[in-house]
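Hello,

Here is the structure we talked about. Please look through it, then read my notes below.

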Amino acid sequence: MRKFWRLLLSVLKWLVLAAVAVEVFALLLVSVSNYVIYGHLREGSRVRYDPYALFLSVDGPRPTTGNPPPGAPARTVWLLGGSTMRGSTDHDDRTIPSYLAARLNRPGRPPVRVLNFGENSYNSLMETKYLQKLLLENPGPPPDLVIFYDGANECSYYAQHRTPYAHHGYRRVRALVESYYRSLFGLLKPLNAAIYASFTKELYDKLMQTAVPIAPDSEALQELAAVTEERYEHVRRLAGCYGAGFLLAWQPTLWVETGPVAPEVQTKEKGLIVLGDRFLAVRHNFMVTYEALVRRLQDKPYFVNFRNGLGPRTEPVYQPDGVHLLDAGRQMVARDLARTLEARWLKD
């Protein structure tokens, strides 16, 4: 009997050691990949808990330059999106909203105040929650126009979690709420939640995104398209209740471009992009998800597709992840946004 217990304890010990080794390996692999792609060990930025929006940047909304003086009469535009909208740059005057404000407020133009409510790691689900918070807590007049700048994070988080309700931190947050009743092991709920929020699980999600193709005809993908459409329709109605218009700008990424690009630029960007052609499912998963969402949304009057807006570039515009933009890319997006607003919203 003693021999049996010694054997059992030995097996348990090695199982625990193996689990720890896998978790440490996953931690190292995830951290290294974050550093290679994003330039730092952590994905996302430092955030604080918010009861409405789940999490928000500890630094608050990012300042926008090029606006009219505070208090001066002006039309107001709220811009919501992920880190590309917030600005993957250290300079406040080089974000998409700042470039847009500079273009809209050229001499002789009616003044427009542009506010940057972009949040790192946000997608349309989180932006919808954040918009509700902003409208509830905004001390001033409501905006005249609300713009969502989306596409990349919708594709990324769906590829990772294969659910239309995915968002940054989806598995970790869900684990904290649901792990208690998921199984008998849930009686140890802190440990159970930690397992679901582990680096091993995160590595699994990353592998789903980069190595496991999405079936173009899957029911889950069609559900994503339907749920996303309903979400934007809600945002349109919500903005309308406050007398505001709504515009959805569908962002470009390197993975979904179909327009022509100068060969010399393509060659340079191929050398810069970290994933390159080594993870073919990245491009496939972006493309399949992006296409499904575009088909569902393309006839909406508020939808503007910037998919190939960066095609006429004469220099690289993407950062190594193929999503975030360099200064030149952000200027081009701001240019196209300004043209869209001047044609649709500022012509009266």
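**What was found**

Tyr 149 stands opposite Ala 249 in β6. This is a predicted model, where local features need pLDDT of at least 70, side-chain atom pairs count only at pLDDT 80 or more, and totals for chains, interfaces and linings use all residues. Residues are numbered from 1 along each chain as its sequence is written, and side-chain values use heavy atoms, with hydrogens and water left out.

Strands β5 (residues 145-150) and β6 (residues 245-250) pair in the parallel sense over 6 bridges. (Strands are DSSP runs of E, at least two residues; helices are runs of H or I, at least four; both are numbered from the N terminus. Two strands pair if DSSP finds at least two bridges between them.)

Both belong to an open sheet of 5 strands, in the order β4-β3-β5-β6-β7, with parallel pairing. Its edge strands are β4 (112-116) and β7 (303-305), each pairing on one side only.

Helix α12 (residues 327-344) lies across β5, β6 and β7. Contact here means heavy atoms within 4.5 Å. The helix runs at about 145° to β6. Axes are lines fitted to C-alpha atoms, for helices over the stretch in contact, and angles run from 0 to 180 degrees between N-to-C directions.

Now the hairpin. β1 (residues 47-50) and β2 (residues 54-57) run antiparallel, joined by 4 bridges. There are 3 residues between them. Tyr 49 stands opposite Phe 55 in β2.

Best wishes
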